[in-house]
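Colleague: I'm new to this one. Can you walk me through it?
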Amino acid sequence: MKVRQICAQELGDKKEEYEPFADLEEVNVESFEEYIEKVRDSSEWGGHLELRALAHTLKKTIVVYSTERPLEIQGGHGNDDADADNGGDGSGVIRLSFHRQYYALGEHYNSVVMVKETS
């Protein structure tokens, strides 16, 4: 299953949890169901709501680095000990960088990969 499909499934399954935080006007839709379809079927930009849904359903912590400060979105389920910063292998953490103005794209996320030091 693709990431967008996973996210849309989580949003739909927990509608009462996510719907109050969905900005329907920003994505130019009239219902939460349309919002979910746009998440599933388009290449529209996703934000904190979608990252929260992914963190929860993937049972991962998502760390978003930006020029302001890092934001940590907990997926719960005790995966924090897998964080490379805490001596684990990093498999419990998804790291992203957030760029408010990324060339012509506007707001954009990129994946961040931990570099292992070599001796």
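This is a predicted model: local features need pLDDT of at least 70, side-chain atom pairs count only at pLDDT 80 or more; totals for chains, interfaces and linings use all residues.

Colleague: Start with α1 and α4. How do their axes cross?
Modeller: Helix α1 covers residues 3–13 and helix α4 covers residues 48–58. Their axes come within 9 Å and cross at roughly 90°. Angles of 65 to 115 degrees count as roughly perpendicular, so α1 and α4 are roughly perpendicular to each other.

Colleague: Which residues in α1 and α4 meet?
Modeller: From α1, V3, I6, C7, E10 and L11. They meet L49, E50, A53, L54, H56, T57 and L58 in α4. By class, that contact has eight nonpolar, two polar and two charged residues.

Colleague: And α1 with α3, at what angle do those axes cross?
Modeller: Roughly 165°, and the axes come within 8 Å. Over 145 counts as roughly antiparallel, so α1 is roughly antiparallel to α3. The crossing of α1 past α3 is right-handed.

Colleague: What makes the contact there?
Modeller: On the α1 side, R4, Q5, C7, A8, Q9, L11 and G12. On the α3 side, F32, Y35, I36, K38, V39 and R40. The classes here are seven nonpolar, three polar and three charged residues.

Colleague: Which residues in α1 are buried?
Modeller: I6, C7, A8, E10 and L11 are buried in α1. The buried residues of α1 pack against α2 (15–18), α3 (32–41) and α4.

Colleague: Change of topic: strands. How do β1 and β3 pair?
Modeller: In the parallel sense, over five bridges. I62 stands opposite I94 in β3.

Colleague: Is β3 mostly covered or mostly open?
Modeller: Mostly covered. Strand β3 spans residues 93–99, and five of its seven residues are buried.

Colleague: What about β3 and β4, parallel or antiparallel?
Modeller: Antiparallel. Four bridges join β3 to strand β4, residues 108–111. H99 has H108 in β4 as its bridge partner.

Colleague: Back to β1. Where does V63 lie?
Modeller: V63 lies in strand β1, residues 61–65.

Colleague: Why does V63 count as buried?
Modeller: Buried means under 20% relative accessible area. V63 has 8% relative accessibility, so V63 counts as buried.

Colleague: What does V63 touch, leaving out residues up to four places away in sequence?
Modeller: L71, E72, V93, I94, R95 and L96. Take L96: V63 and L96 are 33 residues apart in sequence. In space they are 6.2 Å apart, C-alpha to C-alpha.

Conventions
Residues are numbered from 1 along each chain as its sequence is written. Side-chain values use heavy atoms; hydrogens and water are left out. Axes are lines fitted to C-alpha atoms, for helices over the stretch in contact, and angles run from 0 to 180 degrees between N-to-C directions. Helices (H or I, at least four residues) and strands (E, at least two) are DSSP runs, numbered from the N terminus. Angles under 35 degrees count as roughly parallel, over 145 as roughly antiparallel, 65 to 115 as roughly perpendicular and the rest as oblique. Contact means heavy atoms within 4.5 Å. Ala, Val, Leu, Ile, Met, Phe, Trp, Tyr, Cys and Pro count as nonpolar, Asp, Glu, Lys and Arg as charged, and the others, Gly among them, as polar. Buried means under 20% relative accessible area, exposed over 50%, partly exposed in between (1.4 Å probe, protein chains only). Two strands pair if DSSP finds at least two bridges between them. A crossing is left-handed if the near helix is turned anticlockwise from the far one by less than a right angle, and right-handed if clockwise.
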